[in-house]
Each structure stands twice: as structure tokens, then as C-alpha cells.
Amino acid sequence: MGLFSSDGKTRAQRKAEAKALKTKAKLEAKLEAKSARKSEKARRRADRKHRGKELKQERKTTKAAGKVQQKVAKADAKATAAKAKAAADAQAFSPASVRRYLTVVRLLSPIVVPIAYRAAVAARGQVTALQASRAGVSPDVLRQFSGHGATLSARIATTRASLEKVATKDTTDEGSAFVSAMATRLDNLAIAVDAAEAMPAAQRRTAHQSIESELEAIEADILARLGVRA
């Protein structure tokens, strides 16, 4: 063979063209991955906006239901008080009237108090469910955390669970390195959430925004590893 191939290109030219094609393929793959992350981020932002609207409407519904329950309880208490007053007026402070009044109070207390308590518990449960839905986590996970950063902590815990799926699915050295790196980043975010609790409100909001952005990037990388695309 000579220095030139049958197509008139030298070996160096063919090598340069192959290298250029390889570089182009890598760049296209990188751009595609970047576009996928942007699409996923935009989808999540749209989902949060939609969930926020739903949460606002459901809060209104919950608040209205709570007001109705309060009005019913107040009406019952008012009616009971009116009956007790009428009885007292009929026989002012007689031993019999006092006994009747105390009997009415004892009979109604086991009914009115539990109703008010159940209404309060139900309202708290609905708020927790709405917050969990907005954050994309289960209510059970959200209940494990408290404080201003509870939803972020719940999301970090949920993301850890997804990362464990990656570790189970990809047992290669490269997969293990990815899992280790993501776990370290999640540990750092959890520490940041705890630190933000002691910050003033404005600084805490800024910190939470930064944490959320980093968490979204981690979630997108993990979803990509699991084969989930936007």
C-alpha cells in the first residue's frame, strides 16, 4: 500500500476526520443530555405551579369546611347555653337548676369536645397531604420532618430512595461512583437544610431556593440513570 488510499485521502486525513466525527458525536450527546435536563426542569416547574394552584384551591375548601364545622359547633354550644340560661331563669340558682345545668354540661362535653378535636386533626391532615402533594413526596415521609425545610428534607429522603434503585440497577464501577457522588451531594444538602433553620427569614428563603435548584439537578441525573426522560 502507498501513502494514499483509493479515495485520495492520506492516513492522517482519515484519522483527523474520524476524530472530528467522534468529537461531534460527543458534543451532540452532551447537548442532548443538557436539553433533557432543561426539559425536565421546565416540566417540574410547571408541575409545581399547577400543584400550587391546586393547593390554594384546596386550602380554600378546607378553610371553608373548617368554618362550617366551627359554626355548627358554636350554634350547638349557643343553643345549649340558651337552654341552660332558660332553666336557670325559671328557677334562679336553686339546687335543682344547678344540678340540671351541670348535668347538661357533662352530657355535652364528651360530644362537643371530640368533634372540635377531630375537626382540627382532619384539617392538619389535609394541610400535610397538600404540602406533600406539592413537594412530590408521600404524606408519611413528610410527617417524619418538621421545621421550615420539612418539604426539602422529605424530597431529599425520597431522592435517596431513588438513588438506592440506581445502586441496585447499575452495579458497575462507574455506577457505584455515580451513586457515591450523588449520596455525598444529598448529605451536603441535608446539612444545608438544617443550617438554614437558624437563619433569618430572607436568608432562609434564599438558601432554600439554592438547595431546591441543586436538588432538582440531582433528581434529573438520577431519573436519567433510571431511564426516565422528560
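I took buried to mean under 20% relative accessible area and exposed over 50%, with partly exposed in between; the model I am reading is a predicted one.

**Entry 1, R185 and D221.** R185 forms a salt bridge with D221, the closest N and O atoms being 4.0 Å apart. Because R185 lies in helix α5 (residues 173-196) and D221 in helix α6, I noted that the pair ties together parts that are 36 residues apart in sequence.

My count came to 13 salt bridges. I checked R155 and E219, whose side chains meet at 3.0 Å, N to O; this pair links helix α4 to helix α6 across 64 residues, and both residues are buried. R44 and E40 are likewise joined by a salt bridge, with the closest N and O atoms 3.0 Å apart, but these two both lie in helix α1 (residues 11-90), about one turn of the helix from each other.

I then turned to helix α4 (residues 150-169) and helix α6 (residues 201-225), whose axes come within 10 Å and cross at roughly 20°. That makes α4 roughly parallel to α6, and I recorded the crossing of α4 past α6 as left-handed. The residues of this contact divide into eight nonpolar, three polar and six charged.

Leaving aside neighbours within four places in sequence, I listed T159, S162, L163, V166 and F178 as the contacts of I222.

Notes
Residues are numbered from 1 along each chain as its sequence is written. This is a predicted model: local features need pLDDT of at least 70, side-chain atom pairs count only at pLDDT 80 or more; totals for chains, interfaces and linings use all residues. Side-chain values use heavy atoms; hydrogens and water are left out. Axes are lines fitted to C-alpha atoms, for helices over the stretch in contact, and angles run from 0 to 180 degrees between N-to-C directions. Helices (H or I, at least four residues) and strands (E, at least two) are DSSP runs, numbered from the N terminus. Angles under 35 degrees count as roughly parallel, over 145 as roughly antiparallel, 65 to 115 as roughly perpendicular and the rest as oblique. A crossing is left-handed if the near helix is turned anticlockwise from the far one by less than a right angle, and right-handed if clockwise. Ala, Val, Leu, Ile, Met, Phe, Trp, Tyr, Cys and Pro count as nonpolar, Asp, Glu, Lys and Arg as charged, and the others, Gly among them, as polar. Contact means heavy atoms within 4.5 Å. Buried means under 20% relative accessible area, exposed over 50%, partly exposed in between (1.4 Å probe, protein chains only).
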